[in-house]
Amino acid sequence: MPESPSSHATPPRALIQALRHALRPLVKVMLARGMTFTYASELLKSLFVEVADRDFRLEGKVPTDSRVSLVSGVHRKEVSRLRAVLESGEEVVPEVISLGAQVVAQWMGAPPYVDDKGRPRPLARFASEGAELSFEALVARVNRDIRPRVVLDEWLRLGVVDIDEDGRVRLHAGAFVPSKGFEEMSFYFGHNVHDHAAAAAHNLLGGEPPFMERSVHYDGLSANAVEQLARQAGTLGMEALVAVNKSALSLAKRGGTTSLPRQRMTFGVYFYAEASDAPPADAARAGSRAPASGAPVRPGRKKASK
């Protein structure tokens with residue numbers, strides 16, 4: 001069980017600074033969508049209650065409102081109200097996501113839907129035109145209760161696929177992260193940011209074994225250098241994602257999903273760039289985060305060789 005936040009009179013300054021930095025993009029999203037502090041504070045209050053309830057239990061017992069109030073700092077009457085609200089609050093995966101993720105996993109990792117270089121093949125729209133190598137057959141392989149035409153129309157709207165000059169359905173390289181559809185994009189926003197933060201929090205709190213959570217970061221680079229690195233990261237990142245997807249499909253076929261208790265996993269990559277705070281004359285600096293031990297270590301800084 002994680003250590004109760006109430007056991008520290010004052011949170012570490014380094015943690016406060018880290019939280020301010022990590023929360024800044026989330027606050028930007030909230031403000032951009034008209035979410036005021038009043039609304040956000042109510043949301044945060046309910047999260048404090050939820051986490052204190054579920055993650056800080058003594059001997060696995062459901063805590064009383066008084067204990068949740070003690071751990072979270074939220075008034076007991078508010079705890080009672082918010083716990084009642086949370087009883088019905090389960091995450092709902094949009095239908096296009098739950099089906100789409102399975103279809104894309106097959107399209108990017110299972111024969112005959114990938115070519116000899118491991119790339120997803122363009123597919124005929126109908127089984128009458130391409131037999132097994134058709135979008136219709138691919139969707140039916142995952143779920144026979146959903147009409148492939150419905151899936152195709154939605155994916156065309158979301159920008160997941162397009163139709164080439166030969167009338168074949170092509171999967172976009174970045175799938176499955178819709179370029180349109182706020183509900184679908186919001187789902188992946190929450191899923192990916194949560195799992196990345198959960199891995200980092202696990203390591204920061206001394207969880208064993210530590211999760212892989214590393215990055216390479218430089219500052220003082222030129223815009224041209226960042227552009228080249230972005231292309232390289234995109235290529236290598238997609239190669240890694242496709243390879244892990246193929247392994248997951250293979251393990252599932254060999255019975256890797258039948259053992260209990262079942263677990264879920266996420267493996268992700270990302271790339272981000274912005275204007276550097278360092279003066280242009282400064283040499284680029286580099287560091288790598290989260291060593292294999294999982295212990296919090298200040299990234300090393302060294303001048304890049306010219």
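**A look at the salt bridges**

Reply: Let's start with Arg54 and Glu50, which sit four residues apart in helix H2, and because of that spacing about one helical turn separates them. Before going on, keep in mind that this is a predicted model, where local features need pLDDT of at least 70, side-chain atom pairs count only at pLDDT 80 or more, and totals for chains, interfaces and linings use all residues. Residues are numbered from 1 along each chain as its sequence is written, and side-chain values use heavy atoms, with hydrogens and water left out.

Helices here are DSSP runs of H or I with at least four residues, strands are E runs of at least two, and both are numbered from the N terminus. The protein chain has ten helices and four strands.

Back to our pair: Arg54 and Glu50 form a salt bridge, with their closest N and O atoms 3.0 Å apart. That term means a side-chain nitrogen of Lys or Arg within 4 Å of a carboxyl oxygen of Asp or Glu. Arg54 is partly exposed at 43% relative accessible area, and Glu50 is partly exposed too, at 22%. (Buried is under 20% relative accessible area, exposed is over 50%, and partly exposed is in between, using a 1.4 Å probe and protein chains only.)

The structure holds 17 salt bridges, and another one links Glu78 with Lys45, whose closest N and O atoms are 2.9 Å apart. Glu78 belongs to helix H4 (residues 76-86) and Lys45 to helix H2 (residues 37-55), so this pair ties together parts 33 residues apart in sequence. Glu78 counts as partly exposed, with 24% relative accessible area, and Lys45 is partly exposed at 26%.

Glu78 has a further partner: its side chain meets that of Arg81 in a salt bridge (2.9 Å, N to O). These two are three residues apart in helix H4, which means about one helical turn lies between them. Arg81 is partly exposed, at 35% relative accessible area.

Ser69 is buried, with a relative accessible area of 17%. Leaving aside neighbours within four places in sequence, Ser69 is in contact with Val74, His75, Arg76 and Val79, where contact means heavy atoms within 4.5 Å.
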